[in-house]
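Please read these notes with the sequence and the model side by side. They go through the points one at a time.

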Amino acid sequence: MTRKADPFYQHNDKGEIVQYAVCPDCNNPIQIIGLYTKLKNTDHPYGKHCTRSIRDIADYNAQAFEYCSLANPNRSLNKDMKRKSKGEKGEQIISIIRNYFDQIAFIFSKFTGIYMSRGLAVRMLKKYKSSEGYLYFGANSMNVPWIFAYMANNHSLFGQKIVDDTLRELIKKNCQNIYFEGEWIRTKKYTDIEFWFTKHRQTMTPENGLSESMELKLTYNGKTFFSKKIDFDHDYFQNLMNYSDDCRTRKKELTDKAKEFFPAAD
Ligand SMILES: [Zn+2]
């Protein structure tokens, strides 16, 4: 892809040819280590963040580096850890929400088994915006669908549609006052059924990539009856975005809703 050409291949200070790229999270320049020479500590090449600007590749941004998930994997995270300002990263995340919110909703339904109705989408957008989820330390442009849900926090499942058969059976078994009309949750008398997310974790894989997960919890009248670990699939989301123009599942009403909450800056 680089055709072994400048600016991806450049001479370093010692006059050696080295390979450069851009970090997909913080947009800082990175040097590819171990592409041609075998490394002692790993079989896999990896990207090492450069702490200076690299000509025609990228300018170094110290603040972006500090918050980069790929530069700081394995750190412990909690929802209250927020960056001070939106910055380039926050803008990038918001622009993904604005342009691909229907794909985010689609992935949400896939990983939770809960259909994101228009009503639920609006409630989640509202909470995400008020909690300033795009400022969360663990948010990056690769994990938007998952961290959107994570930072949108808990919501009632009353009147929602459960598209996953196993989850529907589990709810029937654990929640006495709930029944289903087709796939839709109905209740006989007032009950409290909610979903929420916890334990977002970022770790380095043996291949020097970033691996992320979180837990989905379901609560009935204040008691958790279901818990599931969700592994983030960055590539799946990336592919959905890349091919979204010829994708028949695009839903304009959902992206329009997201644009109401996050209007484009002029
Ligand atoms: Zn980075």
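1. Buried means under 20% relative accessible area, exposed means over 50%, and partly exposed is in between (1.4 Å probe, protein chains only). In a regular strand the side chains alternate between the two faces of the sheet.

2. A word on the source. This is a predicted model, in which local features need pLDDT of at least 70 and side-chain atom pairs count only at pLDDT 80 or more, while totals for chains, interfaces and linings use all residues. Residues are numbered from 1 along each chain as its sequence is written, and side-chain values use heavy atoms, with hydrogens and water left out.

3. The secondary structure of the chain comes to seven helices and ten strands. Helices (H or I, at least four residues) and strands (E, at least two) are DSSP runs, numbered from the N terminus. The C-alpha atoms fill a box of roughly 75 × 45 × 35 Å, taken along the principal axes. Of the 266 residues in the chain, 46% are buried. Among contacts between residues at least 6 apart in sequence, 62% join residues at least 24 apart; contact means heavy atoms within 4.5 Å.

4. Strand β6 is joined to strand β7 (residues 184–187) by four bridges, and the two run antiparallel. Two strands pair if DSSP finds at least two bridges between them. Phe180 stands opposite Ile185 in β7. The hairpin of β6 and β7 has two residues between the strands, and Gly182 there takes a positive phi near 65°.

5. An open sheet of four strands has the order β5-β8-β9-β10, with antiparallel pairing. β5 (155–156) and β10 (223–231) stand at the edges with a single partner strand each, so one side of each is left without a neighbour in the sheet. Two bridges join β5 to the antiparallel strand β8 (residues 193–204). His155 has Phe195 as its bridge partner in β8. Strands of a sheet pair through backbone hydrogen bonds, either parallel or antiparallel.

6. Helix α2 lies across β8, β9 (210–220) and β10, and runs at about 95° to β8. Axes are lines fitted to C-alpha atoms, for helices over the stretch in contact, and angles run from 0 to 180 degrees between N-to-C directions.

7. How do α2 and α6 stand to each other? The axes of α2 (residues 87–112) and α6 (residues 234–242) come within 10 Å and cross at roughly 130°. The two helices are therefore oblique to each other. Angles under 35 degrees count as roughly parallel, over 145 as roughly antiparallel, 65 to 115 as roughly perpendicular and the rest as oblique. The contact is made by Ile96, Tyr100, Gln103, Ile104, Phe106, Ile107 and Lys110 of α2 and by Tyr236, Phe237, Leu240 and Met241 of α6. By class, the contact of α2 with α6 has nine nonpolar, one polar and one charged residues. Here Ala, Val, Leu, Ile, Met, Phe, Trp, Tyr, Cys and Pro count as nonpolar, Asp, Glu, Lys and Arg as charged, and the others, Gly among them, as polar.

8. From α3 the contact takes Met124, Leu125, Lys127 and Tyr128, and from α4 it takes Ile147, Phe148, Ala149, Met151 and Ala152. By class, the contact of α3 with α4 has eight nonpolar, no polar and one charged residues.

9. Some backbone details deserve a look. A cis peptide bond, with omega about 5°, joins Asp6 and Pro7; Pro7 is in the segment before β1 (9–11). Asn27 has a positive phi of about 60° although it is not a glycine. Asn27 is found in the loop between β2 (17–22) and β3 (29–33), and at 24% relative accessibility it counts as partly exposed. Asn153, also not a glycine, has a positive phi near 60°. Asn153 lies in the loop between α4 and β5 and, at 29% relative accessibility, counts as partly exposed.
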